[in-house]
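Me: I would like to learn how to read a protein model, one feature at a time. Could we go through this one together?

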Amino acid sequence: MTDRNQGGKQSFLHKTAVVCGGSLGIGQATAREIVLRGGSVCLVARQPGPLEETAQELKGLIHDDAQWVHSIAVDCTNHQEMEQALNDLVDQQGVPDYLLNVVGDIYSQYIQDLTVVDFRESMEGNFFGQLVPTLILLPHFMAAGQGHIGFVSSMMGYFGIMGYAAYAPAKFAIGGLAETLRHELKPYNITISVLYPPDTDTPGLEKELRARPQECSLLAEGAGLMSAEDVATAFVEGLLKQEYAILPGEARLAWRLNKYAPWLLRWITDRRYRQVRKALGKES
């Protein structure tokens, strides 16, 4: 048994987590990490196939009779179905210790090629997909006088670059929601965390790359690419430490630049943008 499976600071022993978006990518890796650390998880995702595959995998990692893995196939933006499913879960397993909102979709495109529909869909998937589960479980957390809600934003949730005009506003909105709840829910002993991952090797990134403007890909080269497992480890360890802003990899440096010298971060990104446009023959 590894250290992370043992009791103490680095353990989820006897803890339960609802992981929305838990069938793929960062959500899947986060759920796996929690189970390996002794916790129980309820996976929530839209696609029954990947959801069931992940659930079966995680059940095979259980090493304690008290652990369990449950799965719910539902769209996190569907308030009515989510409410029924999560209330049933609370009735069966009690109020969870964690709600981890690892849902969202990314569509990167030139602003002139985006429509109002693109903006609405981005807000629906990236913001409301995290808001709906939060609103449903929040009364249970408040009644229990405890709970921890984890949101997933992005590096594009605290500064913006070209190509992310539809995506960045939704991720900024997650930050605004989290900041407000962090303050308002203090009297109820409810902790808030926000994960700000850089580019991560997930099915979502593979989908994004098929439409992402060339400039975006060149701009992203310097920031590196993290694995879903490394991001999930940072997320879980940040949750255990009750960190508000969890910043894996290059996200921390960009965060600090944006906080203390935003003019410098803009200068760097503007300069790099000119360079990649020149390399693509779009600027002399």
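Me: Let's start with aromatic rings: how many aromatic pairs does the structure hold?
Reply: A pair of aromatic rings is described by the distance of the centres and the angle of the planes. Rings of Phe, Tyr and Trp (its six-membered ring) pair if their centres lie within 6.5 Å; planes under 30 degrees apart count as stacked, over 60 as edge-to-face and the rest as tilted. The structure holds seven such pairs. Take Phe12 and Tyr98: their ring centres are 5.1 Å apart and the planes stand at 45°, so this pair is tilted. It joins distant parts of the chain, since Phe12 is in the segment before β1 and Tyr98 in strand β4 (residues 98-101), 86 residues apart.

Me: What should I know about the source of these values before we go on?
Reply: This is a predicted model, in which local features need pLDDT of at least 70 and side-chain atom pairs count only at pLDDT 80 or more, while totals for chains, interfaces and linings use all residues. Residues are numbered from 1 along each chain as its sequence is written, and side-chain values use heavy atoms, with hydrogens and water left out. Helices (H or I, at least four residues) and strands (E, at least two) are DSSP runs, numbered from the N terminus.

Me: Are Phe12 and Tyr98 buried or exposed?
Reply: Buried means under 20% relative accessible area, exposed over 50%, and partly exposed in between (1.4 Å probe, protein chains only). Phe12 has a relative accessible area of 0%, so it is buried. Tyr98 is buried because its relative accessibility is 9%.

Me: Which kind of pair do Phe127 and Phe128 form?
Reply: Their ring centres are 5.3 Å apart and their planes at 85°, so the pair is edge-to-face. Phe127 is buried at 14% relative accessible area, whereas Phe128 counts as partly exposed at 33%. There is also a cluster, in which ring pairs link Tyr158, Phe159, Tyr196 and Trp255.

Me: Next, backbone angles: where does phi take a positive value in a residue other than glycine?
Reply: Most residues other than glycine have a negative phi, and most peptide bonds are trans. His14 has a phi near 65°. This residue, His14, is in the segment before β1 and is exposed, because its relative accessibility is 61%. Asn189 has a positive phi too, about 60°, and belongs to the loop between α5 (167-184) and β6 (190-195). Just after α8, Gln242 takes a positive phi of about 60°.

Me: How do I check the length of a helix, such as α8?
Reply: The expected span of a helix is 1.5 Å times one less than its number of residues. Helix α8 (residues 228-240) has 13 residues and should span 18 Å; its end C-alpha atoms are 18 Å apart, which agrees. For α5, with 18 residues, the first and last C-alpha atoms are 26 Å apart, close to the 26 Å expected.

Me: Which residues of α5 are buried, and what covers them?
Reply: The buried ones are Tyr167, Ala168, Ala170, Lys171, Ile174, Gly175, Leu177, Ala178 and Leu181. Contact means heavy atoms within 4.5 Å. The cover over these buried residues includes α4 (116-144), β5 (147-152) and β6. In α8, the buried residues include Val231, Phe235 and Leu239.

Me: At what angle do α3 and α4 pack?
Reply: Two packed helices are described by the angle between their axes and the distance between the axes. Axes are lines fitted to C-alpha atoms, for helices over the stretch in contact, and angles run from 0 to 180 degrees between N-to-C directions. Helix α3 (residues 79-93) and α4 pack at about 35°, with axes 9 Å apart. Among the residues that meet are Met82 and Leu86 from α3, and Val132 and Ile136 from α4.

Me: Could we finish with a loop residue: what does Gln109 touch?
Reply: Gln109 lies in the loop between β4 and α4 and counts as buried, because its relative accessibility is 13%. Leaving out residues up to four places away in sequence, Gln109 touches Leu114, Gly163, Ala211 and Pro213.
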